Amino acid sequence: MPLREYRPLTREADVKQTGEYRVKYYVLCEGQNTEWFYFTEMCKLKKSLGIHDSIEIIPLEKTGEHAGWSNPKKLLELAESKRQELKADDNSTYTEDDRFVIVFDLDIFNKAEEREYKEILRKLKEDEIPVVSNPCYDLWLLLHKPNAYNLYIKPDQKIF
């Protein structure tokens, strides 16, 4: 199994809206460390972040030979493989309303790869897999800090 699910321990009693519709977001990231840490911490802090109880976020950890995979095409293959595995498992709570999300940095593509990138986006849209892509995921994380733009980015901004 190339992907392992991360699910923090919760009691069903913690989900106040018993019987309410639940949707699961399976999150597969390009990076093995920063993004993984971010989403697993998000799961732990879900209540304090104001994420509704009816939403379940499930980070997927790449394991074994798949641990180093970062190419968006390969991530799409892994997501589709996991989806098929969940559908085939009689004990799975997977529904057609659940979603896979692939997170990768846009800055890995250069102009020569633009056509490949557009093809990946088309395929992701066709498979109804949302994509979270930023020019730099680490910069996006930094911008979570209060006043980060003024403190860390603006002082180094060059005037052209």
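How many helices and strands does the secondary structure of the chain come to? You'll find 6 helices and 5 strands, in a model that is predicted. Follow the sequence along and the pattern reads β-β-α-α-β-α-β-α-β-α-α.

**The chain as a whole**
- There are 160 residues here, and 34% of them are buried.
- Take the contacts with a separation of 6 or more: 74% of them link residues 24 or more positions apart.
- The accessible surface is about 10400 Å², with carbon and sulfur atoms making up 54% of that.

**The nonpolar cores**
- The largest nonpolar core holds 17 residues, and Tyr26, Phe100, Ile102, Leu124 and Ile129 have the most contacts inside it.
- At least two residues of this core come from each of β2 (23–29), β3, α3 (72–88), β4 (99–105) and α4 (114–126).
- Leaving aside residues up to four places away in sequence, Phe100 touches Tyr26, Leu60, Ala79, Lys82, Arg83, Leu86, Tyr94, Ile129 and Pro130.
- There's also a second, separate core of 10 residues, and Cys29, Phe39, Val101 and Tyr137 are among them.

**A lysine to look at: Lys62**
- Lys62 sits in strand β3, which runs over residues 55–62.
- Lys62 is buried but has no salt bridge, and the nearest side chain of opposite charge, Glu35, is 7.7 Å away.
- What does the side chain of Lys62 have beside it instead? A polar atom of this side chain lies 2.7 Å from the backbone oxygen of Glu30, and the backbone oxygen of Trp69 is 2.5 Å from a polar atom of the Lys62 side chain.

Notes:
Residues are numbered from 1 along each chain as its sequence is written. This is a predicted model: local features need pLDDT of at least 70, side-chain atom pairs count only at pLDDT 80 or more; totals for chains, interfaces and linings use all residues. Side-chain values use heavy atoms; hydrogens and water are left out. Helices (H or I, at least four residues) and strands (E, at least two) are DSSP runs, numbered from the N terminus. Buried means under 20% relative accessible area, exposed over 50%, partly exposed in between (1.4 Å probe, protein chains only). Lys and Arg count as positive and Asp and Glu as negative; His and the chain ends are not counted. A salt bridge is a side-chain nitrogen of Lys or Arg within 4 Å of a carboxyl oxygen of Asp or Glu. A polar contact is a pair of N or O atoms within 3.5 Å; within protein, one must be able to donate a hydrogen and the other to accept it, and residues adjacent in sequence count only if both atoms are side-chain atoms. Contact means heavy atoms within 4.5 Å. Accessible areas come from the Shrake-Rupley method with a 1.4 Å probe; for residues, only the protein chains shown count as cover. A nonpolar core is a set of buried Ala, Val, Leu, Ile, Met, Phe, Trp, Tyr and Cys residues joined through side-chain atoms within 4.5 Å.
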